[in-house]
Amino acid sequence: MAYYSGRDGELLIDGVKAGKVRSWSVNASATTLDTTTLESTDRTVIYGVRSMTGSCSLFYYANNPTTKEGNDASVLLNKIIKSRTNASEADKAADPDVVTLRLRINDGTTDGKYIEGPALITTVAMSMAVGEVLAADVAFEFNGAPTGVNI
């Protein structure tokens, strides 16, 4: 039986392996619907709507300062942070983009263990501090059921 650690984890953004990932997490939940009837002595339930959310932390890193190549934090930030479409209209900007995320555990097989699907970036947070590497913390929510699961 094998144990997995953080060094076995990978994050793919739109099919490209992200570099400089500090961490990722995913949470799946399901609501329940009450099916108890008047003559019941015990509560009964069935599954309702499922949802999946998660987060990741990526170092803000650039192989080349003049391009965004390899700067995966920037890729996710640019999915939600958009500039004005018209400089004179403060309330108009492009809609955020959907991203395909694959949260993967490298288990030695070709595909590994993973959850993949379209996700909406819901939150980004960055802060600068003396003595620390700049990182972006990103929260996301999957849109619908995952397109691929192998866990």
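Of the 151 residues in the protein, buried residues make up 24%, where buried stands for under 20% relative accessible area with a 1.4 Å probe and protein chains only. The structure is a predicted model, in which local features need pLDDT of at least 70 and side-chain atom pairs count only at pLDDT 80 or more, while totals for chains, interfaces and linings use all residues. Residues are numbered from 1 along each chain as its sequence is written, and side-chain values use heavy atoms, with hydrogens and water left out.

Along the sequence the elements follow the pattern β-β-β-β-α-β-β-β-β, which amounts to 1 helix and 8 strands, these being DSSP runs of at least four residues (H or I) for helices and at least two (E) for strands, numbered from the N terminus. The radius of gyration, taken over C-alpha atoms, is 20 Å, whereas a compact globule of 151 residues would have a value near 15 Å by the rule of 2.2 Å times the number of residues to the power 0.38. Along the principal axes, the C-alpha atoms fill a box of roughly 70 × 55 × 30 Å.

A closer look at one strand follows. Strand β1 (residues 9–13) is largely enclosed by the rest of the structure, because 4 of its 5 residues are buried. β1 pairs with strand β5 (residues 98–105) in the antiparallel sense over 5 bridges, where pairing requires that DSSP finds at least two bridges between two strands, and Gly9 has Ile105 of β5 as its bridge partner. β1 also runs antiparallel to strand β2 (residues 16–17), joined by 2 bridges, with Ile13 opposite Val16 in β2. The hairpin of β1 and β2 has 2 residues between the strands, and in it Asp14 takes a positive phi near 50°.

Methods:
Buried means under 20% relative accessible area, exposed over 50%, partly exposed in between (1.4 Å probe, protein chains only).
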